[in-house]
Amino acid sequence: MAIDFTLTEKQREIQLSARRFAETHLAPLTDRVDAEPDPLTGFRLTKGAYAEACRSGIAFSMLPAQYGGGGLSNVDFVIAAEEIQAVDPGFGTTVLVNGLGLMPVWYYGTEEQKKRFIGMATADTSGEFIVGYAASEPPGTPGGTANFDAPAIDGAGMHVTARLDGDEYVINGRKYWPCNVGGWDNLGANLNLVLVRTDPDVGGTAGLSAIMIERGTPGITYHSISTSAQRSAPNCEIIFDNARVPARNLIEGTRGNGDLVINRNFAWSGPVAGIGAVAVARTAYEDTLRWAKTYTAGGPKPIINYQYPGYVLGDVAAKIEAARYFCWKAAHYLDQHGYHGEMLGAMCKIHCTEMLFDCVYKCMQVVGVNSVDRKHRFDRYLREAALLPLYDAGNFGMQRRRVHGVMVDETFNPRAFMDDEPVDFTKGMEGIDTIPGPKTDQPPIPAPAAGEPAFVR
């Protein structure tokens, strides 16, 4: 039959190879990284594992073989990502962001840009080459990445600007939350793909573009953000102060279409984030099952023999299986449709990451108060479960809005995914649910009065 969930021999080897890598190189590090209070120090603890990921081809496995990458299909990449993220989802994010930074070059770059930037990453032999992707910005009025496509003027949403000055762009502004961008020393990743407003006189989707910034560019500073989960994935604030970047580094096909880069990137990462949720849920479930098969709670036999633990864990197992196959479906859809799956990728990410929190907490209920003892790691699973719906384009901030924008369009076919038909994503599908910022001739929104809670307004 056409639908077959049996892994091929190649896929099975990909799975086992990723599992060996995670168990050998990541498992000994995870507790130390999670406990390290300084985020940059914690990230640097993974440097040896990352070097091995480079040597084994994992670090750039998602990139096309034509330009030196591993050439994995999306399905193959998701299979490998589950094994890595079952041990350390943060490290999985580090690898994922290499793709977020370079896949748009493959989609939208000139042949020269593809060879220069993708080839630079895949040909490096240092074991340290890392790529960042910078879209997210701090919230503002208006502002913040989630509202980047608000139909307002004067730069609503994204505020990082790139003004052309001769044969260079001069970049100013702040990014907040981007991953990998600081590199191993907070002096910059080797390459950073940055979403900028190349036409500062317009807001919303008009005038956004993607530009590649190389390590060593003056006028840029990086500051680590200390996060509650995924401690091995380095998040940063970036400050651009008249940073000058060659105009030829603007990824040509993204000129004025940076909004589509954002949506396509998060479509690609949707099943990878989804499989990360499957991976964490799987680890929590397996830990709980071992507990239930040995812990008696003072009774005559292990608690797995009683109805409540058995039924709850059965439900958890079913949710994990269903979510895994949703990720495979979404990845396969991307493979079939030119790496476009803006709606399905968002649906997959939402469904799987919100499944995770329920599964982890149900596992904790089975283990009981002992799950609060940090030696059992359930606190870590819970923190990861709380993070996943919020990162990689928040489920409410961006993902559900993408689904809504496609669904409301008159051309949308509700059976398209069932029938494996393409669903085009257009600029007309953006902007739904956004609130326009103030026009240039309107006064700014006043700050709350002294003593008045900000949320009242």
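This is a short tour of a predicted model, stop by stop, with what to select and what you will find there.

Residue numbers start from 1 along each chain as its sequence is written. Local features here need pLDDT of at least 70, side-chain atom pairs count only at pLDDT 80 or more, totals for chains, interfaces and linings use all residues, and side-chain values use heavy atoms, with hydrogens and water left out.

**Stop 1: two helices, α10 and α12**

Select residues 342-367 for helix α10 and residues 395-408 for helix α12. Helix and strand labels come from DSSP runs, numbered from the N terminus: H or I of at least four residues for helices, E of at least two for strands. The two helices pack with their axes 9 Å apart, at an angle of about 140 degrees. (Axes are lines fitted to C-alpha atoms, for helices over the stretch in contact, and angles run from 0 to 180 degrees between N-to-C directions.) That makes α10 and α12 oblique to each other; the cut-offs are under 35 degrees for roughly parallel, over 145 for roughly antiparallel, 65 to 115 for roughly perpendicular, and oblique for the rest. The crossing of α10 and α12 is left-handed, meaning that the near helix is turned anticlockwise from the far one by less than a right angle; clockwise would be right-handed.

Now show side chains where α10 and α12 touch. On α10, pick Glu342, Met343, Ala346, Met347, Lys349, Ile350, Thr353 and Glu354. On α12, pick Asn395, Phe396, Gln399, Arg400, Arg402, Val403, Val406 and Met407. Contact here means heavy atoms within 4.5 Å. Colour the contact of α10 with α12 by type and you get eight nonpolar, three polar and five charged residues. (Ala, Val, Leu, Ile, Met, Phe, Trp, Tyr, Cys and Pro count as nonpolar, Asp, Glu, Lys and Arg as charged, and the others, Gly among them, as polar.)

**Stop 2: α8 against α11**

Next, bring up α8 and helix α11 (residues 378-387), whose axes come within 10 Å and cross at roughly 155 degrees. With that angle, α8 and α11 are roughly antiparallel to each other, and their crossing is left-handed. Val280, Thr283, Ala284, Asp287 and Thr288 in α8 meet Phe378, Tyr381 and Glu384 in α11. This contact divides into four nonpolar, two polar and two charged residues.

**Stop 3: salt bridges**

Side chains of opposite charge can pair when their charged atoms come close. The whole structure holds 28 salt bridges, each a side-chain nitrogen of Lys or Arg within 4 Å of a carboxyl oxygen of Asp or Glu.

Start with Arg324 and Glu82, whose side chains meet at 2.7 Å, N to O. Arg324 sits in helix α9 (residues 307-336) and Glu82 in helix α5 (residues 74-87), so the pair ties together parts that are 242 residues apart in sequence. Are they buried or exposed? Arg324 counts as buried at 11% relative accessibility, and Glu82 is buried too, with a relative accessible area of 5%. (Buried means under 20% relative accessible area, exposed over 50%, and partly exposed in between, with a 1.4 Å probe and protein chains only.) Widen the selection to Arg19, Glu82, Glu83, Arg282, Glu286, Glu321 and Arg324, which are linked in a network of salt bridges.

Then go to Arg244 and Asp165, another salt bridge, with its closest N and O atoms 2.7 Å apart. Arg244 is in strand β7 (residues 235-246) and Asp165 in strand β2 (residues 161-165), 79 residues apart. Arg244 is partly exposed at 38%, as is Asp165 at 39%.

Finally, select Arg290 and Asp287, where the closest N and O atoms of the salt bridge are 2.4 Å apart. Both lie in helix α8 (residues 258-294), three residues apart, so about one helical turn separates them. Arg290 is exposed, with a relative accessible area of 52%.

**Stop 4**

Most residues other than glycine have a negative phi. Click on Trp177, in strand β3 (residues 168-179): its phi is positive, near 100 degrees. Trp177 is partly exposed at 44% relative accessibility. Asp420, in the segment after α12, also has a positive phi, near 55 degrees. Asp420 counts as partly exposed at 28%.

**Last stop: Ile432**

Stay in the segment after α12 and select Ile432. Which residues does Ile432 touch, not counting residues up to four places away in sequence? They are Arg401, His404, Gly405 and Val408. For a distance to draw, Ile432 and Ser126 are 45 Å apart, C-alpha to C-alpha, and 306 residues apart in sequence.
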